[in-house]
Amino acid sequence: MIEIEPLSAKRWAHCRSVASYSYDLARRWGADPMKGYLAGIFHDIAREMPEQQLLSIAAEHGYRLSPQEKQYPILLHGFISAVVAQENYGIADKDILSAMEKHTLGSESMSLLDKIIYLADEIEPLRCYDGVETLRRLAFEDLNKALLRGIEGSFDYLRTRGIEPHQKTIKMYEKLLKEIC
């Protein structure tokens, strides 16, 4: 079992909000709503872990770190959250674990549930930023277009901070572009 601290009240509220929003998106798009809910509840279970603990758990589980993950270990929290959910809470469903793992960086191969959790994390009702209302509406009209716009917003945010997007996110974006065009 992995030692974890209880989540802060703010993080726990975010997880509940993502779970509820994931449930609704899953119902809209034909995914299993309970899988969406569970992935949402657990998606950030490792988000507040110290960087050294994230790196240590990743190493113990054979995770190959990218240069960005070495520089910003918080990027590992999706993978580590899936590990903690499996080891500490007995979550064995591969769909749930995949959605948790991919909710931070995405992937070139995203299932419907993966996409739902990724997007729900970005647009859940507690999030407040320019354009979020438009993304929320779009998420119920065209999931892939909402993802594409959300990723573009993330790229813009990273550029303003001088940070390169992760290769996994870039590949996800490129694949979505091909699917939409």
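Is phenylalanine 140 buried, partly exposed or exposed? At 28% relative accessibility, phenylalanine 140 counts as partly exposed, where buried means under 20% relative accessible area, exposed over 50%, and partly exposed in between, with a 1.4 Å probe and protein chains only.

Before going on, the basis. This is a predicted model, in which local features need pLDDT of at least 70 and side-chain atom pairs count only at pLDDT 80 or more, while totals for chains, interfaces and linings use all residues. Residues are numbered from 1 along each chain as its sequence is written, and side-chain values use heavy atoms, with hydrogens and water left out.

Back to phenylalanine 140. Its ring pairs with that of tyrosine 21: the centres are 5.9 Å apart and the planes at 85 degrees, so the pair is edge-to-face. Rings of Phe, Tyr and Trp (its six-membered ring) pair if their centres lie within 6.5 Å; planes under 30 degrees apart count as stacked, over 60 as edge-to-face and the rest as tilted. Tyrosine 21 sits in helix α1 (residues 9–29) and phenylalanine 140 in helix α8, so the pair ties together parts that are 119 residues apart in sequence. Helices here are DSSP runs (H or I, at least four residues), numbered from the N terminus. Tyrosine 21, at 10% relative accessibility, is buried.

Also in α8 (residues 132–141) is arginine 136, which is buried, with a relative accessible area of 11%. Its side chain reaches the backbone oxygen of glutamate 124 at 2.8 Å. Leaving aside neighbours within four places in sequence, arginine 136 is in contact (heavy atoms within 4.5 Å) with Tyr21, Ile123, Glu124, Pro125, Leu126 and Arg127.

Next, the packing of α8 on helix α9 (residues 143–160). Their axes come within 6 Å and cross at roughly 150 degrees, the axes being lines fitted to C-alpha atoms over the stretch in contact, with angles from 0 to 180 degrees between N-to-C directions. The two helices are therefore roughly antiparallel, a term for angles over 145 degrees. Residues making the contact include Leu135 and Leu138 of α8 and Ala146 and Arg149 of α9.

Last, helix α5 (residues 77–89). Of its 13 residues, 10 are buried, so α5 is largely enclosed by the rest of the structure. Among the buried ones are Phe79, Ile80, Val83 and Val84. The cover over the buried residues includes α2 (33–42), α3 (51–60) and α6 (94–102). After α5 comes glycine 90, with a positive phi near 70 degrees.

Methods. Polar contact = N/O pair within 3.5 Å; in protein donor to acceptor, adjacent residues only side chain to side chain. Parallel < 35°, antiparallel > 145°, perpendicular 65-115°, else oblique.
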